[in-house]
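Okay, thanks for coming, everyone. I'd like to walk through one structure with you today, so let me put it up on the screen.

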Amino acid sequence: MNADFLDALRQIEKEKDIPMATLIETIESAIASAYKKAFSEAAEIRLRPDASKKGLRLCCEKQVVETVENPHREMGIAEARRRNPATVVGDTVDVDLTADGFGRIAAQTAKQVVVQRIREAEREKVYDDFSERVGDVVTGVIQRREQRNCFVLLGKVEALLPYSEMVPSEPCRFNDRVKVYVLEVKRTAKGPQVIVSRTHPSLIRRLFELEVPEIVDGVVTIKSVAREPGARSKIAVATSDDKVDPVGACVGMRGSRVQAIVNELFGEKIDIVRWNAQVTEYITAALSPAKVMSVTVNEEAKSAYVIVPDHQLSLAIGKEGQNVRLAVRLTGWRIDIRTETQAKEQQDQAAAAKAAPVSNGTAPEAGPHELAPASLIPDGPGDGGPEAVGLH
């Protein structure tokens, strides 16, 4: 096999990103199949560099024996010593092989094996590459839509963006560049299937890691993420350096860093709050932009009783309960919000019930912590990341 054949293998190696060793092994296997088709016998076929080092030499490996039983795999000691006087029984020798004895059917068999093995090697390469990237964010180009699903081109691989992982408010236009979160890689009959997401909470985490160098350096840490895709997200950040403001680092100068992420998410609002080991302070920050007057926590029930000014109630709850719902997911604590007036009324009722004589048969009314308010219970942790604070 001349130098042109070796150049063709190098070109396939470059285009398909398949190692040369794999390609040579594929050719050997294909020629071995063709040999068996032509001679009805199996043989050990090998490709060796020729004397000029510019091409490859096709060889058949044979073992040196006293008595030859299978000429396709064995060579007599007398013949072997004519080639090399130092040969002994048990050695392996290479015998040059030509394709003259191969027929059309054998050649077609070799071609089919080569094509199939290269396709399998290419699929395995894709699977290995993306298996290592599960949990990362990659940039792709929207190719097409089928039914309600979308297909995104990631380099040479077409990934599936299911409808369940899409944000309904986001446009999916042909040739749009988007960042997606690699959710899973599946083996299928047609090759590896890469599944990506635009709704996963970890997408927020990875986007901040791309935009904020302090997070990559470990100075700033994202402790928890809560997200309602397409609407609003909250992230809690902390720092290991007292001289660094974690919120300011994530916001960037004039909001440049967080604005880049908002633009990538097509206008989704992002609240950045400071994480605090003190639960009361953490819950207060999580309910921002609402102002909180006081927070009383119950460690055993992992619940918090929050009092806000009367005019801040709607802000604390948010549109359709969105703000408090995100705060619950972010902190992992059950949160009950009451206005200052409601809290005072409950205290007055509790005081009156306590002062009333027990003999009149009137049972004392429940205190503010004993009521059964319409509290919010976490329906899941933040993004399930290793640093997330909340329920696991």
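Let's start with a question: how many residues lie between β8 and β9 in the hairpin they form? It's two. Before I go further, please keep in mind that this is a predicted model.

β9 covers residues 191-197, and seven bridges join β8 to β9, with the strands running antiparallel. If you want a landmark, find valine 182, which stands opposite valine 196 in β9. β8, residues 177-188, also pairs with β5, residues 137-146. That pairing is antiparallel too, over five bridges. The landmark here is threonine 139, opposite lysine 179 in β8.

Which way do β14 and β15 run relative to one another, parallel or antiparallel? Parallel, and six bridges join them, with β14 being residues 303-308. To find the pairing on screen, look for serine 303, whose bridge partner in β15 is arginine 334.

Then there's a helix on this sheet. Glutamate 340 is part of α12. By the relative accessible area, 42%, glutamate 340 counts as partly exposed. If we set aside the neighbours within four places in sequence, glutamate 340 is in contact with Met293, Ile307, Val308 and Asp310. And although glutamate 340 and valine 306 are 34 residues apart in sequence, their C-alpha atoms are 9.6 Å apart in space.

While we're around here, have a look at glutamine 312, in the loop between β14 and α10 (313-317). Is glutamine 312 buried or exposed? Buried, with a relative accessible area of 11%. Again leaving out neighbours within four places in sequence, glutamine 312 touches Pro289, Ala290 and Lys291.

In soluble globular proteins, nonpolar side chains tend to be buried together. The largest nonpolar core in this model has 24 residues, and the members touching the most others are Ile283, Leu287, Val306, Leu330, Ile335 and Ile337. At least two residues each come from α9 (279-286), β14, α11 (322-331) and β15. There's also a second, separate core of 22 residues, including Leu203, Phe208, Val220 and Val258.

Two of those contributors, α9 and α11, pack against each other at about 145 degrees, with axes 9 Å apart. The crossing is right-handed. Which residues meet there? From α9 it's Tyr282, Ile283 and Ala286, and from α11 it's Ala327, Leu330 and Thr331. Notice Ile283 and Leu330, which were both on that list of core members touching the most others.

Key. Residues are numbered from 1 along each chain as its sequence is written. This is a predicted model: local features need pLDDT of at least 70, side-chain atom pairs count only at pLDDT 80 or more; totals for chains, interfaces and linings use all residues. Side-chain values use heavy atoms; hydrogens and water are left out. Two strands pair if DSSP finds at least two bridges between them. Helices (H or I, at least four residues) and strands (E, at least two) are DSSP runs, numbered from the N terminus. A nonpolar core is a set of buried Ala, Val, Leu, Ile, Met, Phe, Trp, Tyr and Cys residues joined through side-chain atoms within 4.5 Å. Buried means under 20% relative accessible area, exposed over 50%, partly exposed in between (1.4 Å probe, protein chains only). Axes are lines fitted to C-alpha atoms, for helices over the stretch in contact, and angles run from 0 to 180 degrees between N-to-C directions. A crossing is left-handed if the near helix is turned anticlockwise from the far one by less than a right angle, and right-handed if clockwise. Contact means heavy atoms within 4.5 Å.
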